Amino acid sequence: MRYAVVGVLIMFSLVFLELSNAMAPSVSYEWVVSYSERSILGANKQVIVINDMFPGPILKATAGDVVNVNIFNHLTEPFLMTWNGLQMRKNSWQDGVRGTNCPILPGTNWTYRFQIKDQIGSYFYFPTLLFQKAAGGYGSIRVYSPELVPVPFPRPDGEFDILIGDWFNTDYRGMRASLDNGLSLATPDGILFNGHGPEETFFAFQPGKTYRLRISNVGLKTSLNFRIQDHDMLLVETEGSYVQKRTLSNLDIHVGQSYSVLVTAKTDPIGCRRSYYIFASTRFSNSYMTGLALIRYPNSPIDPVGPVPAAPESWDYASSVRQTQSIREDLAVGAARPNPQGSYHYGSVNVSRTIILQNDVMSSSNRLRYTVNGVSFVYPETPLKLADYFQLKNTIVPDMFSTYPSNKTPRFGTSVVDIRYRDFVHIVFENPLDESQSWHIDGYNFWVVGMGFGGWSESKRAGYNLVDAVSRSTIQVFPYSWVAILIAMDNQGMWNVRSQKAEQWYLGEELYFRVKGDGQEDPRNIPTRDESPIPENFLRCGRVL
């Protein structure tokens, strides 16, 4: 009887949702996900491609568009895709992670359908199951501004999407087996530019033209420093936020982060007849590696000449912290809406609660695991979003997870934090380890108001930036350091909070935020203005069959 009532509610909710979506422009894609043998860094490897492309096709949309992506899984394993940085407003049903969706089984297809609301910027997508990201399957996302919202810089003459990241020649299934056996990832075999090794990717520049480079670190573990020989970069955007423009000679990009920079081509007679290197070199690593791409001008020689820009010192955390703290929001300009980004005074909003999330390690049967507040995440047989919707018992245990670091013996668990819809939350990420972390929250951007070395304490609040902190969805936490963020919990749903570093994520460094309004514990009480209804085509698995 209950499922019948829920079915009727789904039908009526979907009618209203379809009527509203019908008014919005739409873009549609059909993607075939399959394997392909490729030679990368001189080694043959089975790569995951989309429509036979690696990286996959660029997903292009304008703020307000409804996006349909029909994915055909031609792999031999289940598959899911997530949209790193897209907020999926009111619609965690489309988030594409294991806690929200049943997998797309081999030989089947499923259509993601979501609206990109109140967002512009540079992002990327990638596979989320079974360590498949180590085999590729990723690509760029561009979200353009609506026509009525001016972009706060002259329209560039061209755009290039640049995906940089570490690469391992080992098959992803072998890497997965090593992690399952308690071994950490080895040293990468190299750094790729758009799926290619050194000097295999080039970008054609015309003299005097200005280009927007949309750059994302899609790697598994390595922070990278991005720089261009004899060209400065004007930083303009960070994960959907326009920032105060700064000219940079190099830019640290941590795992999972995205930026936009403007680069103006040479005009002098000598400069515009040369080729130039683009570098992506490792940061904070014992093994120094550099990925290389090329800028080529018309009739320029193939090989660049002249001095190359010096890389920052590998272990110079202080300069990276200074650069991070210098990236500030441009309060005077609009992004997805005409009203200025600074019209929301986040520093004046009362904080509802504080959550402290501390990453660490544990050993189970002599096997490495990662924890958050002493809990290493394990998935139940049914995705959390479905378990919550159908109110399955013994899946989500209230108050099982402590929202402060715990002195209890580390353990396995399914960590879910209940947060009231529209609360304003203060979150501190603490990293007591000797390796940088990279944290991401699905469904949200947040203001990065503070960071520092050592432990966090209440006294640190006095130094917070409560005026023009950058708003983004992924932030690095340096070794023995902390980062504080403020976040408006205005997007109802079940949202993944994860390490962007693939090893840590795979081995338990994650949790979920369950965001609901008062009196909305039962899905029948949630109006469509607060959350989209369960999709008509939702996949079943686990205890929902």
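Start by selecting residues 139-144, strand β8, in this predicted model. Of its 6 residues, 5 are buried, so the strand is largely enclosed by the rest of the structure.

Zoom in on Thr-62 and you will find Tyr-144 of β8 standing opposite. Next, pick residues 121-127, strand β7, which pairs with β8 in the antiparallel sense over 5 bridges. Here, Tyr-125 stands opposite Gly-139 of β8.

To centre your view, select Arg-98, Thr-128, Leu-129, Leu-130 and Tyr-379, the closest to its centre of the 32 lining residues. Helix α5 supplies the largest share of the lining, 3 residues. By type, the lining divides into 19 nonpolar, 7 polar and 6 charged residues.

Next stop: the largest pocket, with a volume of about 990 Å³. Select Gln-87, Arg-89, Asp-118, Trp-447 and Asp-490, which lie closest to its centre among 36 lining residues. Colour the lining by type and you get 14 nonpolar, 11 polar and 11 charged.

Finally, look inside. Which residues line the largest cavity? Select Leu-80, Trp-93, Thr-100, Asn-101, Cys-102, Trp-110, Leu-386, Pro-535, Phe-538 and Leu-539. Of these, 8 are nonpolar, 2 are polar and none is charged.

Technical notes. Residues are numbered from 1 along each chain as its sequence is written. This is a predicted model: local features need pLDDT of at least 70, side-chain atom pairs count only at pLDDT 80 or more; totals for chains, interfaces and linings use all residues. Side-chain values use heavy atoms; hydrogens and water are left out. Buried means under 20% relative accessible area, exposed over 50%, partly exposed in between (1.4 Å probe, protein chains only). Helices (H or I, at least four residues) and strands (E, at least two) are DSSP runs, numbered from the N terminus. Two strands pair if DSSP finds at least two bridges between them. On a 1 Å grid over the protein atoms alone, a cavity is a set of points where a 1.4 Å probe fits but cannot get out, and a pocket is an open set with protein on both sides within 12 Å along at least five of seven lines; lining residues have an atom within 4 Å of a point. Ala, Val, Leu, Ile, Met, Phe, Trp, Tyr, Cys and Pro count as nonpolar, Asp, Glu, Lys and Arg as charged, and the others, Gly among them, as polar. Grid points are joined across faces, edges and corners, and a volume is the space filled by probe spheres set on the points.
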